[in-house]
Amino acid sequence: MVVAEGTRVYLNFALRLDDGAVVDSNFDGDEVSFVVGDGSLLPGFERRLFGMSAGDSDTFTVQPEEAFGQRNPNNIQRLRRDEFTDSLELQSGLVVSFADASGAELPGVVVDFDDNEVAVDFNHPLAGRTVLFDVAIHRVEAAELH
């Protein structure tokens with residue numbers, strides 16, 4: 001059976017930057033599974049698996065548009081310093097969690113600050129980056145759809 005709509009895929013994977021740095025990997029652990037189309041993988045990653053079957057492995061180059069998107073300068077917001085607690089020791093690179101309009105967690109990275117304002121980058125950390133997607137397919141089976 002090959003990876004297609006309506007299949008469950010069992011695999012190991014790694015995400016690497018083009019400089020070889022590993023961002024995420026489960027090659028040292030157990031395989032993971034997902035159902036094609038369930039939202040576990042970004043469509044740009046999922047599409048590359050179509051047609052693969054058990055025993056196949058490959059490395060794919062995924063451009064930003066099909067991975068985590070391009071960086072958007074509008075996603076860098078300037079917030080008033082007094083919106084942050086005094087006990088929070090601000091530093092560039094600090095990840096701060098905010099709530100979006102629906103109450104979901106929205107992480108942002110402090111990129112700059114002074115006594116009056118804090119610049120927070122809400123772009124995905126991998127936005128604008130080309131990534132390498134290493135995969136090893138272990139099993140492909142019909143998904144049980146409920």
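# Exercises on cores, pocket and salt bridges

The largest nonpolar core holds 20 residues, with L49 and F133 making the most contacts inside it. The model is predicted: local features need pLDDT of at least 70, side-chain atom pairs count only at pLDDT 80 or more, and totals for chains, interfaces and linings use all residues. Residues are numbered from 1 along each chain as its sequence is written, and side-chain values use heavy atoms, with hydrogens and water left out.

## Exercise 1: the cores

Step 1. Set the rule. A nonpolar core is a set of buried Ala, Val, Leu, Ile, Met, Phe, Trp, Tyr and Cys residues joined through side-chain atoms within 4.5 Å. Buried means under 20% relative accessible area, exposed over 50%, and partly exposed in between (1.4 Å probe, protein chains only).

Step 2. Recall the core: 20 residues, with L49 and F133 having the most contacts inside it. Helices (H or I, at least four residues) and strands (E, at least two) are DSSP runs, numbered from the N terminus.

Step 3. Look for another core. A second, separate one has eight residues, including L90, V96, V120 and F122.

Step 4. In soluble globular proteins, nonpolar side chains tend to be buried together.

## Exercise 2: the largest pocket

Describe the largest pocket by its volume, its lining residues and their classes.

Step 1. Set the rule. On a 1 Å grid over the protein atoms alone, a pocket is an open set of points where a 1.4 Å probe fits, with protein on both sides within 12 Å along at least five of seven lines; lining residues have an atom within 4 Å of a point. A volume is the space filled by probe spheres set on the points.

Step 2. Read the volume: about 270 Å³ for the largest pocket.

Step 3. Read the lining. It has 15 residues; F13, S40, L41, L42 and F133 lie nearest the pocket centre. The elements that give two or more residues to this lining are β1 (7-17), β3 (32-35) and α1 (43-49).

Step 4. Sort by class. Ala, Val, Leu, Ile, Met, Phe, Trp, Tyr, Cys and Pro count as nonpolar, Asp, Glu, Lys and Arg as charged, and the others, Gly among them, as polar. The lining then has eleven nonpolar, three polar and one charged residues.

## Exercise 3: the salt bridges

Step 1. Set the rule. A salt bridge is a side-chain nitrogen of Lys or Arg within 4 Å of a carboxyl oxygen of Asp or Glu.

Step 2. Take E31 and R139. Their closest N and O atoms are 3.4 Å apart. E31 is partly exposed at 32%, and R139 is partly exposed at 37%.

Step 3. Take R47 and E66. Their side chains meet at 2.8 Å, N to O. R47 sits in helix α1 and E66 in the loop between β4 and β5 (76-80), 19 residues apart. R47 is partly exposed at 46%; E66 is partly exposed at 29%.

Step 4. Take E117 and R78. This salt bridge also has an N to O distance of 2.8 Å. E117 belongs to strand β8 (residues 117-121) and R78 to strand β5, 39 residues apart.

Step 5. Join shared partners. E31, R139 and E141 form one network of salt bridges.
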